Structure formats: structure tokens, C-alpha cells
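Q: I'd like to go through this model and ask what stands behind each label. Could you take me through it?

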Amino acid sequence: IDPGIMARIRKYQVTSTASTAGRTTRLLRNRNEINEITQRYAMYDLAQLDLKNQRLLGLGRLKRTCKFIAAAARDGEEPPQHAVGKGASKIVDDVPEIAFAGRSNVGKSSLINALTLSSVARSSDVPGKTQSLNFYSLDERIRLVDLPGYGFAFAKQHRVESWNELMDKYLTSRKNLKRVYIVVDARHGLKASDREMLAFLSKYGETSCQVILNKCDSVNPNDLARRAYLIQEELRYTKRAKVTVMMASTSTGAGITEIAKDIYSHALDDVNAGEYDDEYDDAQWGGSASNARDSDGDDSDDGDGGGKRGNEFYGGEWKPGAKVTKYKPAPPAPGRGVALGRGGRGGRGRGTSGRGTSGRGTSGR
């Protein structure tokens with residue numbers, strides 16, 4: 001086991017399970033540090049992102065910056081020629097693009113949603129859900145491109161051949177393509193089709209590529225370290241491939257911060273950097289970056305109560321674009337009082353909802 005790889009696994013806690021993430025969420029809730037991000041991705045550490053990347057994700061704005069702009073199923077449908085939606089006329093050629101390739105059902109769309117803190121990319125358990133090159137723009141400073149999965153897919157053969165041909169052309173001739181990430185299921189490691197894609201990019205590609213191990217929460221740390229080491233040894237002999245293997249879990253958000261910093265370093269500079277509303281920051285995102293929890297999980301409150309305004313717990317499932325409402329506990333059921341004991345049907349409490357002193361309460365049998 002490579003000690004450097006194991007150190008990264010422990011640092012980013014990429015093998016943390018959903019139950020561990022749930023305990024982290026409850027801990028943050030008890031500390032009044034819950035916010036939209038930690039409610040959905042408990043291990044996503046926003047404090048590790050610099051101010052430029054936080055603004056890119058929409059911090060300080062009234063809505064998220066990531067949006068779908070185009071879907072190319074045939075040659076010539078890539079943006080800016082066939083951009084859709086509001087602001088399509090502003091789509092330009094020179095915006096840096098980051099592509100995500102991989103076998104079907106390895107979590108490419110879920111990874112894009114985690115990186116952008118949104119739900120713009122449709123994900124499914126059915127292999128072959130993505131049947132076109134889907135372009136997602138973050139404020140037209142950088143684009144993330146979700147490529148169709150190679151391997152088995154629930155689609156007709158002629159459609160599979162069509163998008164494979166389009167993928168080959170896009171990966172070899174797109175001028176503003178800055179990086180191609182090969183997303184691999186951490187439970188299985190590299191497959192033959194992954195090696196074929198790496199060989200194709202090495203021979204015909206013009207940009208660098210890198211491997212991301214996804215779904216690391218389903219793998220033992222020792223097995224993950226061995227698998228990452230074997231992949232890194234293969235990448236040493238692959239032209240244009242970065243040797244370091246990145247690891248993440250889209251279920252918990254672990255490891256996403258490291259990938260986000262690497263990707264968003266390619267983004268264009270923000271020309272509207274001074275037009276953001278910092279007051280909206282604190283209310284909507286659970287505190288500014290300086291008040292966010294650090295990587296060790298320590299409390300960042302200075303004790304004067306001044307930072308409590310933005311650290312309120314919002315209950316329910318977070319849906320991007322929906323109005324956030326403060327959490328309110330459910331009212332007691334009609335006709336039920338406060339039970340002193342266990343109460344309930346057949347209970348031994350002495351409240352109105354359990355058995356009374358005579359053996360039967362008002363809501364008993």
C-alpha cells in the first residue's frame with residue numbers, strides 16, 4: 001500500500017459511508033452549522049475553496065450559476081452553434097471546457113451535480129441515460145461536458161455508433177478542451193474499455209487526461225489504496241495522462257473539493273467580481289467562507305453570537321431554485337397531550353395519550 005495514497009484517503013475521508021456522513025450532518029445540526037451544502041453533501045468542505053471558486057459556484061448570487069446550454073447528438077450541434085435557453089446569443093467559442101468520460105453508470109452525471117452543487121445533470125441507474133454530449137456552463141467562465149458512457153447502454157445500435165463518432169471527433173479536435181477526466185467505478189477499477197479510451201486519448205488526443213475513482217464510499221480503504229496504486233502505475237506509461245488518481249464519493253461529497261479546485265483553476269476571470277451581495281451569502285449559504293467549518297470539523301464560532309444569524313438549520317430536502325424555509329417542528333397530533341411516560345397505545349405513561357390511573361387513557365382502547 002502506497003503511504004501517500006493512504007494519506008490522501010484519510011485526509012479527504014473518501015471511504016466514509018452514508019451512515020458516517022449522516023452522523024456528521026447530525027453533529028453540524030446540533031452545532032447550528034448546517035447549510036444547503038452540508039445538508040446534501042456532508043463531507044463537502046467549502047472552506048477549502050478560494051473566494052474565486054466560491055463565486056463561480058454562485059456564492060453571493062440570487063441563484064445558481066450552473067445551467068444546461070446545449071446537447072449535441074450529431075456533428076455540428078456543439079455550442080455555440082446550437083446553444084439553447086436564455087442568453088444563448090452570448091455563448092462563445094473560447095470558454096474552457098472540461099469533459100467527463102467513462103463507462104455507463106459510473107456516476108459521471110452525479111459527479112457534475114456534486115461539483116456544481118446543483119441538479120442540472122440528469123442521473124439514472126439505467127446504463128446509457130446520457131445519449132448526447134451535454135454542455136453545462138458556469139457563468140460562461142467554464143463548461144463541464146457530460147459525455148455518453150461507453151460500454152453497454154440501453155439504446156439502439158445506430159445511436160450508439162452516432163454518439164461514439166461524435167465523441168471521437170470532439171475529444172480530438174475541440175480547441176478549447178482543457179482536460180478529460182476518465183471516471184472509473186472504484187469497486188471495479190480499470191476495465192478494458194477504460195484502457196481503450198486512455199490509449200485513444202494518448203494517441204489522438206491533444207489535451208491531458210486524468211482518472212477519477214468514484215463511489216469510493218463502497219470500498220474498503222486498503223482495497224482502494226491498492227487499486228489506486230495499480231492505476232497510477234499504468235498511467236506512468238500513458239502519454240498526456242496525469243499520474244495522480246483522484247478519489248471521490250458523490251454520495252457523501254468526500255473528495256469533491258480536491259477535484260473542484262483542480263477543475264476551476266481553468267476558469268476564466270470574473271469580470272463582475274465586485275457586484276455580489278455578501279449579505280445574501282450569510283443568509284443563504286450558512287455563513288461566509290471565514291465562518292465555514294474547517295477540515296478538522298472544529299467549531300468556528302468566536303463565541304460572541306455574531307455568527308449565528310446565517311447558521312440556521314433548514315429542514316427537508318434541498319431543491320435548487322426552491323425557496324428555503326426555516327425548519328419548524330411538526331405540531332402534536334390533535335387530541336394528544338404531553339405524555340409523562342412512554343404513553344401511546346398500551347403504554348404505561350400517565351399522560352392523556354397513554355393509560356391513565358384507571359388503566360385506560362382517553363386514546364387507549
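Q: Where is D139 placed?
A: D139 sits in the loop between β3 and β4. Helices (H or I, at least four residues) and strands (E, at least two) are DSSP runs, numbered from the N terminus. Before we go on: this is a predicted model, where local features need pLDDT of at least 70 and side-chain atom pairs count only at pLDDT 80 or more, while totals for chains, interfaces and linings use all residues. Residues are numbered from 1 along each chain as its sequence is written, and side-chain values use heavy atoms, with hydrogens and water left out.

Q: Why is D139 called partly exposed?
A: Buried means under 20% relative accessible area, exposed over 50%, and partly exposed in between (1.4 Å probe, protein chains only). D139 has 29%, so partly exposed is the label. Its backbone has a positive phi of about 60°, although D139 is not a glycine.

Q: What makes R10 exposed?
A: R10 comes out at 64% relative accessibility, so it counts as exposed. R10 belongs to helix α1 (residues 3-12).

Q: What makes β3 and β4 a pair?
A: Two strands pair if DSSP finds at least two bridges between them. β3 and strand β4 (residues 142-146) have five bridges, in the antiparallel sense, and S137 stands opposite R143 in β4. Strand β1 (residues 66-72) also pairs with β3 in the antiparallel sense, over six bridges, with C66 opposite L138.

Q: Why is the pair of F100 and Y181 called stacked?
A: Rings of Phe, Tyr and Trp (its six-membered ring) pair if their centres lie within 6.5 Å; planes under 30 degrees apart count as stacked, over 60 as edge-to-face and the rest as tilted. The structure holds five aromatic pairs. For F100 and Y181, the centres are 5.7 Å apart with 20° between the planes, which is stacked. F100 lies in strand β2 (residues 97-102) and Y181 in strand β5 (residues 177-185), so the pair ties together parts that are 81 residues apart in sequence.

Q: What makes the pair of F200 and Y204 tilted?
A: The ring centres of F200 and Y204 are 5.4 Å apart and the planes are at 45°, so this pair is tilted. F200 and Y204 are four residues apart in helix α7, so about one helical turn separates them.

Q: How do you know that the span of helix α7 agrees with what it should be?
A: The expected span is 1.5 Å times one less than the number of residues. The 13 residues of α7 (residues 192-204) should span 18 Å, and the end C-alpha atoms are 18 Å apart, so that agrees.
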